[in-house]
Amino acid sequence: MIASSLACRRGAAVLVLLAGLALAACGPSSGDDGLSDDQPPGPGLRVEPGDVTLTVEGGVAATQVYTVIAVAADGGETDVTDEATLSLSLPSLGSFAGGVFTTALDRGGRAVVRAEWQGLSADADLTIVLRTVVVEPGVPGDAPDRFDGAPEGGNAPALRYPASGTIVPPNLNALELQFEPGAGNDLFEITFTGDLVELVVYLPCTPVGAGCAWLPSEDTWDLLATAARGETPLWYSVRGLPSGGGAVGSSTAQWIQFSRDDLLGGIYYWNAGAGAVMRYEFGRRGQSAENFLGVAQTGATTCVGCHTLTRDGSRIAIGLDIPGPAGIEAYTVSTREKLWGAGGLGGGFPTGDSDGANFTTFSPDGETLAGSDGSNMWVRAAGDGAGKTQVLTNALMPDWSPGGDRIVFARSATSVPFGGALGTSAGSLLTVDTATWTDQRPLVTSTGTTDNNYYPAYSPDGNLVVFNKSALDDSYDATDARVWVVNAAGGAPVALGNASPAPGGDSWPKWAPFVHGYHDGNIMWLTFSSRRPYGLRGGSAAQVWMVGIDPSRAAAGQDPSFAAFWLPFQDFTSGNHIAQWVENIDRQECTPDTPCPTGEFCEGGVCLPVVD
């Protein structure tokens with residue numbers, strides 16, 4: 001090794017690899033006890049060094065030697081490295097051979113080194129910075145040299161999607177970057193720069209609309225997501241160059257951020273074109289949404305549309321055909337077994353029950369279903385539909401709070417057709433106590449026919465209510481509808497200007513049931529349907545978009561939203577609505593003697609969708 005510029009401090013070591021030359025690691029300085037800040041002296045176990053930063057560059061692995069020390073009650077120390085077990089909290093970053101850690105060639109990130117010996121354990125911090133280059137197929141091998149040697153001042157590309165200021169979960173897995181190439185450019189360089197990664201990608205133009213698109217490979221996405229998980233934003237820009245020679249042009253830089261946690265569970269949404277409820281298990285790369293419940297599997301004759309699920313994903317209630325009001329059926333999700341049906345064309349249970357529902361919501365424990373028949377609100381047993389009881393009049397679009405103590409709903413000033421049922425006009429939002437159904441509290445009050453508030457939904461922590469606001473007097477497919485949020489206890493509503501800007505056309509906001517972390521605090525995830533164009537791909541069909549929400553900003557009266565992004569598993573040509581989230585995709589169990597439904601296969605004892 002060649003030692004140079006050693007950054008030594010108490011319990012720290014730095015190892016940097018540049019151009020294949022390893023710079024020597026430094027351990028504790030003279031007189032230093034070698035303890036990391038997290039390891040106080042005393043009996044127990046200690047791992048040295050306690051805080052290491054390694055930089056991997058040029059595809060050359062970095063190594064670090066660790067020492068595990070047992071500290072006796074009398075202060076005596078023994079090197080037990082050969083007897084200890086060393087492991088890493090994020091195994092993809094590298095591996096141990098005895099006390100020697102070797103990095104992966106293409107990963108950066110933060111992890112904890114864990115040493116274990118005779119029932120004792122000790123931790124040390126590890127940070128790996130990655131600098132690497134990806135050359136995509138179809139690009140000349142000397143592309144890096146062409147960009148390095150080209151003069152500035154060429155025609156500049158322009159980034160078009162995603163918008164700057166987007167945050168995504170690390171396991172989104174697929175996010176297409178779209179850009180206009182700049183006249184004459186056909187060779188491109190995209191550079192991502194963050195706390196723990198510098199990635200340069202060389203690529204040709206894959207035509208999309210009036211520009212180009214780049215979809216990171218699975219390895220490239222994992223590289224970025226691992227290094228940027230929970231960190232400050234990644235800044236990125238694209239440079240363009242004519243492959244025949246000329247000046248290079250540079251786009252304006254934008255940023256994207258990754259949350260700290262993977263998003264689990266999944267969503268069920270209505271595909272209007274298929275007339276069915278679709279399902280997607282989040283994080284499955286390469287998987288399109290699967291057809292979960294359609295006409296052939298239910299009592300519907302034309303369409304399965306409005307739906308709601310229990311938080312744990314075990315039960316679903318669906319609306320059948322025209323919502324005037326719609327017939328309703330309830331199913332066990334794992335087996336798609338019908339539990340009961342009522343009203344509309346579904347009919348049949350309980351005897352004499354002729355009405356259905358347009359909007360429904362389950363109690364947090366999944367045992368009670370509340371619904372609105374287009375005018376009044378009722379509750380009934382979720383398991384068999386029995387005990388239907390009207391609890392409120394003029395109460396639409398209910399949503400049950402996570403704590404179970406209140407329901408938020410919309411109240412319309414006048415009746416308005418909702419595709420044959422009832423929507424809201426000059427709608428106001430209220431909450432009601434679910435124990436007595438008497439304590440009704442105004443939440444957002446309409447000021448008149450140019451202020452329509454509807455589609456309310458509680459956040460997973462119960463502190464916020466998201467809703468739609470429109471100046472039009474019909475809540476159905478309002479072209480100016482935007483997404484707002486208000487404190488669940490009341491206060492001034494805040495428009496999600498970053499996520500749902502004018503002119504609108506955004507509706508059916510729904511929360512994912514998790515509170516996650518990101519670099520600046522907590523984040524929650526929200527989806528809504530939008531007719532906005534999907535970058536350079538355009539389109540006008542309603543599609544499901546997703547956005548991160550920072551609850552601390554909402555509490556401060558600020559716009560809590562980041563920029564929204566398009567969910568990549570949808571049918572781009574069909575209208576998609578009502579993305580209802582669940583904590584878990586409840587799948588059918590299977591054995592060799594109990595085959596899975598068509599389009600699924602048995603793996604690990606459960607039925608999984610066939611990947612396209």
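Which hand does the link of C596 and C607 have, going by the angle about the S-S bond? I looked it up: with -90° about that bond, the link is left-handed.

**Entry 1: ground rules.** I am working on a predicted model, where local features need pLDDT of at least 70, side-chain atom pairs count only at pLDDT 80 or more, and totals for chains, interfaces and linings use all residues. Residues are numbered from 1 along each chain as its sequence is written, and side-chain values use heavy atoms, with hydrogens and water left out.

**Entry 2: disulfides.** I searched the whole structure and found 3 disulfides (a pair of cysteine sulfur atoms within 2.5 Å). The sulfur atoms of C596 and C607 are 2.1 Å apart. C596 sits in the loop between strand 48 and strand 49, and C607 in strand 50 (residues 606-609); strands are DSSP runs of E, at least two residues, numbered from the N terminus. Both C596 and C607 are buried (under 20% relative accessible area; exposed is over 50%, partly exposed in between, with a 1.4 Å probe and protein chains only).

Next I checked C590 and C602, S to S 2.1 Å. Their S-S torsion is about 90°, so this disulfide is right-handed. C590 is buried at 7% relative accessibility. C602 is partly exposed at 40%.

The torsion is about -100°, so the disulfide is left-handed. C205 is partly exposed at 29%, while C212 is buried at 0%.

**Entry 3: aromatic pairs.** I counted 24 aromatic pairs. Rings of Phe, Tyr and Trp (its six-membered ring) pair if their centres lie within 6.5 Å; planes under 30 degrees apart are stacked, over 60 edge-to-face, the rest tilted. F282 and W581 have centres 5.8 Å apart and planes at 40°, so they are tilted. F282 is in the loop between strand 24 (276-281) and strand 25 (290-293), W581 in strand 48 (residues 576-582), so the pair ties together parts 299 residues apart in sequence. Both residues, F282 and W581, are buried.

Y534 and W566 have centres 4.2 Å apart and planes at 20°, so they are stacked. Y534 and W566 are buried too.

**Entry 4: S259.** I placed S259 in the loop between strand 22 (254-258) and strand 23 (266-271). S259 is buried, at 0% relative accessibility. Its C-alpha is 9.7 Å from that of G521, 262 residues apart along the chain.

Conventions. Helices (H or I, at least four residues) and strands (E, at least two) are DSSP runs, numbered from the N terminus.
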